[in-house]
Amino acid sequence: MHEYTSPARVWGLSCPGFPEEVSRARRWTRDILRGSPLAEDAELIVSELSANAILHTASGREYGSFHLAVAVSAQVVAVSVTDDGGTATAPKVEHQNQDAEHGRGLGMVSAIAHRVVVHDSDRGHTVTAELYSNTRLGGQPC
């Protein structure tokens, strides 16, 4: 393999911060992962992370946007959503009771994904959820 090539393929999409763009992000993810056993989980994760970006950050304000990336390799599907910031705190899992109508999205993402990482930057936050193609006991990739 050439030193500048990678076995991973990466796609990116930028969306205006409108609620209807969440369904576009879902469709885009589904189209990229068509035929993958991880497609439904990835689609759900993208939906939750995109909605969170619009609801809780500057991404949902006038002229706001959010950005998606999907990286696919033989071992991992990684989906990332980057928001426009505008909040003092990074996204985090909140433990809500069963009757709560809000605040459970990132917890659900954490339950579905094998690994969730939040990166802060000057511009905003990126939440990356990784789904492993083959896993051993303990959730580690084979």
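Contact here means heavy atoms within 4.5 Å. All views show a predicted model.

**View 1. Leu-49 and its contacts.** Leu-49 touches Val-81, Leu-106, Val-109 and Val-127, leaving aside residues up to four places away in sequence. Leu-49 is also among the residues with the most contacts inside the largest nonpolar core.

**View 2. The largest nonpolar core.** This core has 26 residues. Ile-45, Leu-49, Phe-66, Leu-68 and Val-79 have the most contacts inside it. Two or more residues come from each of these elements: strand 1, helix 1, helix 2, strand 2, strand 3, helix 3 (105-112) and strand 5. Helix 2 gives the most, with seven residues. In soluble globular proteins, nonpolar side chains tend to be buried together.

View 3. Strands of a sheet pair through backbone hydrogen bonds.

**View 4. Strand 3 beside strand 5.** Strand 3 covers residues 76-82, and strand 5 covers residues 125-132. The two run antiparallel, joined by seven bridges. Look for Thr-82: it stands opposite Thr-126 in strand 5.

**View 5. Helix 1 and its buried face.** At 1.5 Å a residue, the 12 residues of helix 1 should span 16 Å. The end C-alpha atoms are 17 Å apart, which agrees. Which residues of helix 1 are buried? They are Glu-21, Val-22, Ala-25, Trp-28 and Thr-29. Seen down the helix axis, these buried residues fall within an arc of 125 degrees, so they line one face of helix 1. They pack against strand 1, helix 2 and strand 2. An α-helix has 3.6 residues a turn, so residues three or four places apart point the same way.

**View 6. Phe-18 in its loop.** Phe-18 sits in the loop between strand 1 and helix 1. Is Phe-18 buried, exposed or partly exposed? Its relative accessibility is 45%, so Phe-18 counts as partly exposed. Phe-18 and Ile-54 are 36 residues apart in sequence. In space, they are 7.1 Å apart, C-alpha to C-alpha.

Methods. Residues numbered from 1 in each chain as written. Predicted model: local features only at pLDDT ≥ 70, side-chain atom pairs only at ≥ 80, totals over all residues. Heavy atoms only, no water. Pairing = 2+ DSSP bridges. Helix = DSSP H or I, 4+ residues; strand = E, 2+ residues; numbered from the N terminus. Core = buried A, V, L, I, M, F, W, Y, C linked by side-chain atoms within 4.5 Å. Buried < 20%, exposed > 50% of the residue type's maximum accessible area, 1.4 Å probe, protein only. Expected span 1.5 Å × (residues − 1). Arc of directions from axis to C-beta.
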